[in-house]
Amino acid sequence: MNISEWLDKNESQGIDVSHITLPADLASDEAPAETIFFKEIRPCSILCTGDHPFSTVERFGHWYYSRGRDKENGPHTTKPQWWLFTRDKDLAIKTAKAHIEKG
C-alpha cells in the first residue's frame, strides 16, 4: 500500500487525514512523485547541522503533502514540524508559502 492509498482508506473510514501522522514504515518507503515547492532559510553553511526553517509541497498520487518548520529569531529553529495533507494543490502551496513567509 502506498501513501495515497493509505490516505484514501483512512478518509473513507471518516478519519480527518489533514494532520494525520504517517506510519514510520510507509513514510520511509515511498519517495514523492514530485516536489512542487521548496524554500529553506539557511544563512549558515551547507555543513551546518542545525534545524533550519523550511517549507515544501510534495505530491503522492493525488495527495499533496505540505510541511515545514517555522522561523524563530536567528538562523535555527526549535519549533516542531507542521504538516498538512490535502488534495487541493493550491491550498498546499498557499499554506507552505504562508508558513515560510511569516515571522
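Colleague: Is Cys44 buried, exposed or partly exposed?

Modeller: Cys44 is partly exposed, with a relative accessible area of 25%. Buried means under 20% relative accessible area, exposed over 50%, and partly exposed in between, using a 1.4 Å probe and protein chains only. This is a predicted model, where local features need pLDDT of at least 70 and side-chain atom pairs count only at pLDDT 80 or more, while totals for chains, interfaces and linings use all residues. Residues are numbered from 1 along each chain as its sequence is written, and side-chain values use heavy atoms, with hydrogens and water left out.

Colleague: How many disulfides are there in the whole structure?

Modeller: A search of the whole structure gives 0 disulfides, a disulfide being a pair of cysteine sulfur atoms within 2.5 Å. For Cys44, the nearest cysteine sulfur is that of Cys48, 3.6 Å away. Cys48 is in no disulfide either.

Colleague: New topic. Which residues make up the largest nonpolar core?

Modeller: There are 11 residues in all, among them Ile3, Trp6, Leu7, Ile20 and Phe85. A nonpolar core is a set of buried Ala, Val, Leu, Ile, Met, Phe, Trp, Tyr and Cys residues joined through side-chain atoms within 4.5 Å.

Colleague: Which element gives the largest share?

Modeller: That is α1, with 3 residues. Helices (H or I, at least four residues) and strands (E, at least two) are DSSP runs, numbered from the N terminus. There is also a second, separate core of 8 residues, including Phe37 and Val57.

Colleague: What is Ile20 in contact with?

Modeller: Leaving aside neighbours within four places in sequence, Ile20 is in contact with Trp6, Leu7, Asn10, Ile15, Trp83 and Phe85. Contact means heavy atoms within 4.5 Å.

Colleague: Back to α1. Which residues are buried there?

Modeller: Ile3, Ser4, Trp6, Leu7 and Asn10. Seen down the axis of α1, the buried residues fall within an arc of 165°, so they line one face of the helix. The arc is that of the directions from the helix axis to the C-beta atoms.

Colleague: And what covers them?

Modeller: The cover includes α2 (24-29), β2 (54-60), β3 and β4 (81-86).
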